[in-house]
Amino acid sequence: MIDKKSLKIHCKKEILQKMTPGIKSAKKAGIKYEILTYDHDPRTTAYGEEAAEKLGLDPERVFKTLVAEVDGSTLVVCVIPVSRMLDLKMVAKTLKAKRAVMADKNNVQRTTGYVLGGVSPLGQKKRLQTLVDSSALDHESILVSAGRRGMDIALAPRDLAKLTTGTFVDIAR
């Protein structure tokens, strides 16, 4: 016979195990959000495109989280539609820097606390400056990684900016 009290504790543990720091930060802030999941193919390296395809969503509404390194030392989070490319020159210009390059993947994982393909702009280990492509404002809600491959969080663009103290700028081409 199953003890109902034990079952409740077990179910609660399962729910908590699925919560990522990104989801916890959205929940703590009390914003409206939705979690969407899909079966991630471990052979895939185009994580954002996979999310849009498997969730059946417009790639302009699904955003990827990229981390750039500015002037050889400062990391910055860039959130852009999966259908576009990051314009590193615009990132540098926006930050009044000389140069921006894609950050080293090991540094990204160490700094954010997330693995590539699951880097969320929310709930990062170390809070980084965040730039959100202004095209996000064209949508009532956008999707970003929830902090795990195969898991996205849908939220209003302004809520994303609020939670990350992000700035809307044109950084995608």
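**Terms and basis**

Two strands are said to pair if DSSP finds at least two bridges between them. Helices (H or I, at least four residues) and strands (E, at least two) are DSSP runs, numbered from the N terminus.

The model is predicted, so local features need pLDDT of at least 70 and side-chain atom pairs count only at pLDDT 80 or more, while totals for chains, interfaces and linings use all residues. Residues are numbered from 1 along each chain as its sequence is written, and side-chain values use heavy atoms, with hydrogens and water left out.

**The chain as a whole**

The chain contains six helices and eight strands. Read from the N terminus, these elements follow the order α-α-β-α-β-β-α-β-α-β-β-β-α-β.

Of the 173 residues, 45% count as buried, where buried means under 20% relative accessible area, exposed over 50%, and partly exposed in between (1.4 Å probe, protein chains only). Contact means heavy atoms within 4.5 Å. Among contacts between residues at least 6 apart in sequence, 62% join residues at least 24 apart.

Strand β2 (residues 63–70) has seven of its eight residues buried, so it is largely enclosed by the rest of the structure. Eight bridges link β2 to β3 (residues 74–81) in the antiparallel sense, and Glu69 faces Leu75 across this pairing. The two strands form a hairpin with three residues between them, and Asp71 in the turn has a positive phi of about 50 degrees. β2 also pairs antiparallel with β4 (residues 100–102) through three bridges, where Val70 is opposite Ala100.

Strand β5 (residues 129–133) pairs with β8 in the parallel sense over three bridges, and Val132 is opposite Phe168.

**The three-stranded sheet**

A second open sheet has the strand order β1-β7-β6 with antiparallel pairing. Because β1 (33–37) and β6 (142–148) stand at the edges with a single partner strand each, one side of each is left without a neighbour in the sheet. The twist here averages 35 degrees from one strand to the next.

Five bridges connect β1 with β7 (residues 151–155), and Tyr33 has Leu155 as its bridge partner. Helix α2 (residues 21–29) lies across β1, β6 and β7, running at about 160 degrees to β1.

What is the nearest side chain of opposite charge to Asp152? Asp152 belongs to strand β7. This residue is buried yet has no salt bridge, and the nearest such side chain is Arg61, 9.8 Å away. A salt bridge is a side-chain nitrogen of Lys or Arg within 4 Å of a carboxyl oxygen of Asp or Glu; Lys and Arg count as positive and Asp and Glu as negative, while His and the chain ends are not counted.

Apart from neighbours within four places in sequence, the contacts of Asp152 include Glu34, Leu36, Tyr38, Val62 and Ser145.

Terms used: Axes are lines fitted to C-alpha atoms, for helices over the stretch in contact, and angles run from 0 to 180 degrees between N-to-C directions.
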